[in-house]
2 protein chains.
Amino acid sequence: MSNAYNRPDQLSPELRKRVLETARRLGYPGPDPVARSLRTRKAGAVGLLLTENLSYAFRDPGAVGFLEGLALACEDAGQGLTLIPASPEREDVASVHRAGVDGFVVYSVPEDDPHLAAVLERPVPVVVCDQPRLDNLDWVGPDDRKAIKAVADHLIGLGHRRIGVLCMRLARGRNDGPATVQRQANASFHVQKARLTALAEEFSEAGVDWTTVPVVERFDHTLDSGASAAAQALEIDPEITALVCTSDILALGALREAGNRGLRVPEDLTITGFDGIPDAERAGLTTVRQPWLEKGRAAGRLLLETAEPSRPRHIQLETQLITGTTSGPPRSGEEFWFGP
Amino acid sequence: MSNAYNRPDQLSPELRKRVLETARRLGYPGPDPVARSLRTRKAGAVGLLLTENLSYAFRDPGAVGFLEGLALACEDAGQGLTLIPASPEREDVASVHRAGVDGFVVYSVPEDDPHLAAVLERPVPVVVCDQPRLDNLDWVGPDDRKAIKAVADHLIGLGHRRIGVLCMRLARGRNDGPATVQRQANASFHVQKARLTALAEEFSEAGVDWTTVPVVERFDHTLDSGASAAAQALEIDPEITALVCTSDILALGALREAGNRGLRVPEDLTITGFDGIPDAERAGLTTVRQPWLEKGRAAGRLLLETAEPSRPRHIQLETQLITGTTSGPPRSGEEFWFGP
DNA sequence: CTCGGGTTCTGAACCGTTACGGTTCCTGCA
DNA sequence: TGCAGGAACCGTAACGGTTCAGAACCCGAG
């Protein structure tokens, strides 16, 4: 029976035809995929666990690029891609347990998320992405520290010493406002944390007291959030000459807010982003481009290529500082304080 | 055993603790999801079959919105969402057979796609979306004919009688160029076909000989495609006063091309789109807005709500003509021919 | 002491497939 | 005619969980 469907070479065409014929007559719908999976121990699909908020994954252009890359890798291998329902409110870890998949890609999930713990309990390979490396797990990501340091060096080189920072959510709890140094240090979203600490290091080295730098956090990742965060940062310290944003979306929002306030960019205010999404490049934003599609593709390939579980593999992606038209030297009034 | 994990109330806490303890000691990773699925006849996931080209689904803002809505519906129901790998080149119908899912959402798949046939063979519920209604299948979609007729009426009302049309691929084979009336009639992508035939009807009624209307087809769905298609249409008939595009992406490309040629929109050339993607609204494009997210959500809900298989359900979505700044009366030279 | 009723626990059947080994049958060759 | 060898076919045992029937046990009432 099984052979008739799956191994036509194992039996005569005549018998095969007869089997299929009667099968159809009996209303047999073909081999059951689940039973097959049980027997062969292959589900034929990869699970994707992603950030708490599912909508984020589809609204953020970077995340969509990642998803596309991952989907392409799966398609190439003839594997399905299953989005695991992991809503943040009801901590429905069961969904992870129920998922019939051969492995997981975990994308930008906070370290303390119970779903992540549930994934790690499953006896299947796991690749983490845009997260801290975990013991014995394959990893894909950019060098966030190095990338944001390129931005910092660029700004420091231009002469900026008084800056503000706009960042995305740092922990699962909502906090729309300034983030204390304490909160920065305890951030559970690794990417944001890495970018902030690297910024702090670099500007501290350049003589800036990081505790005086306003770091404004936003829970939602939208243009509006960026705009209001920019307003808040400028309110806290109107002397700011540069706004460093940890994402392009926030930066584009900040750009809009600057426009509304009649601030010229970059003459009055320098604004930088991070991610390299199409809209940012179109707006001429100074930002860091990262290969989103490649990131997804790499994660998928890593998971699908059979690995020796002994040595976890790390794929570090190249990033590139794009110097746009939104960064320039600080306005002259400020420059005076640091100039000759 | 099963009870220990799934029905804590069915056995004493003491025994339960003991069972879990020894299970852990033996390295038992918890109930196997596939075996559970086999027994319970529930996979806990929904399959999504979409247009040949997977990248399209992630690059088209409308499709991403649809995907988001569908994913949200699945998440609400605690169901996974599995993207079926259906690459167009290798006709890998096996992927449909192998997918462990409780049902399928089929989105904008050409009628003659073998994957669609394979889905219909599976004994699970199916919802089709942005496709022709199929016998006994739930259906979700806008009223494409009515929606595009609103555009046509708008243009006819403004006085346009000499138009060009830009459309997406009509069939699986590549054809970058004018589409004959024959090809329009045989189109296997339902949405495109519906829009074209409705346009033809409406303009014919207004006295336009449809066979003289240049309809330019593009295989890829990008701004560049839109631009080059616009160029081609204007070359075929330079007297055109309006370009009707069956998608916003094409329209935005046409807008760019018009700019490059020094044509003022709408004074020299009217351009309309279809879909209502954010970029289009930002550009002030005259277009038809359709509720992408709701479409996905409706499809998901339809599939997940248990239906009586006797009566297929149809959900028709509302669309809305958005009159932007890219449509106006035809340029006066032309108007002369139809004016008083 | 026995019986009935309720709770806790055990064991076996079943879900539908694939892998594998065994059996039959046929062909070719000595 | 006998036999080896291979192709074609068939039967059966897992795979790992859920479910359900019934065994075992406990307790209080008659």
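Helices (H or I, at least four residues) and strands (E, at least two) are DSSP runs, numbered from the N terminus, and two strands pair if DSSP finds at least two bridges between them. The views below come from a predicted model, in which local features need pLDDT of at least 70, side-chain atom pairs count only at pLDDT 80 or more, and totals for chains, interfaces and linings use all residues. Residues are numbered from 1 along each chain as its sequence is written, while chains are lettered from A and ligands numbered from 1 in the order in which they are written.

**View 1. Strand β2 of chain A meets β2(B).** Strand β2 (residues 80-83) of chain A and β2(B) run antiparallel and are joined by three bridges. Within this pairing, A:Leu83 has B:Leu81 of β2(B) as its bridge partner.

**View 2. An open sheet is formed by twelve strands.** The order is β12(A)-β5(A)-β4(A)-β3(A)-β1(A)-β2(A)-β2(B)-β1(B)-β3(B)-β4(B)-β5(B)-β12(B), with mixed pairing. At the edges stand β12 (314-317) of chain A and β12 (314-317) of chain B, each with a single partner strand, so one side of each is left without a neighbour in the sheet. From one strand to the next the twist averages 20°. In chain B, strand β4 (residues 126-129) pairs with strand β5 (residues 138-142) in the parallel sense over three bridges, and B:Cys129 stands opposite B:Val140 in β5(B).

**View 3. Chain B can be laid on chain A by a rotation.** A turn of 180° and a shift of 0.0 Å along the axis bring chain B onto chain A with an RMSD of 0.1 Å, where copies are superposed by least squares on the C-alpha atoms of residues with pLDDT of at least 70 in both. That is the relation of a two-fold axis. Of the residues of chain B, B:Thr82 comes closest to this axis, at 2.0 Å (C-alpha).

**View 4. The contact between the chains takes 38 residues from chain B and 38 residues from chain A.** Two residues are in contact if their C-beta atoms, placed from the backbone, lie within 7 Å. The largest share of the side of chain B that touches chain A, seven residues, is supplied by α5(B).

**View 5. A:Val106 has several contacts in chain A.** Not counting residues up to four places away in sequence, A:Val106 touches A:Leu49, A:Leu116, A:Val119, A:Val126, A:Val128, A:Cys129 and A:Gln131.

Definitions and conventions. Axes are lines fitted to C-alpha atoms, for helices over the stretch in contact, and angles run from 0 to 180 degrees between N-to-C directions.
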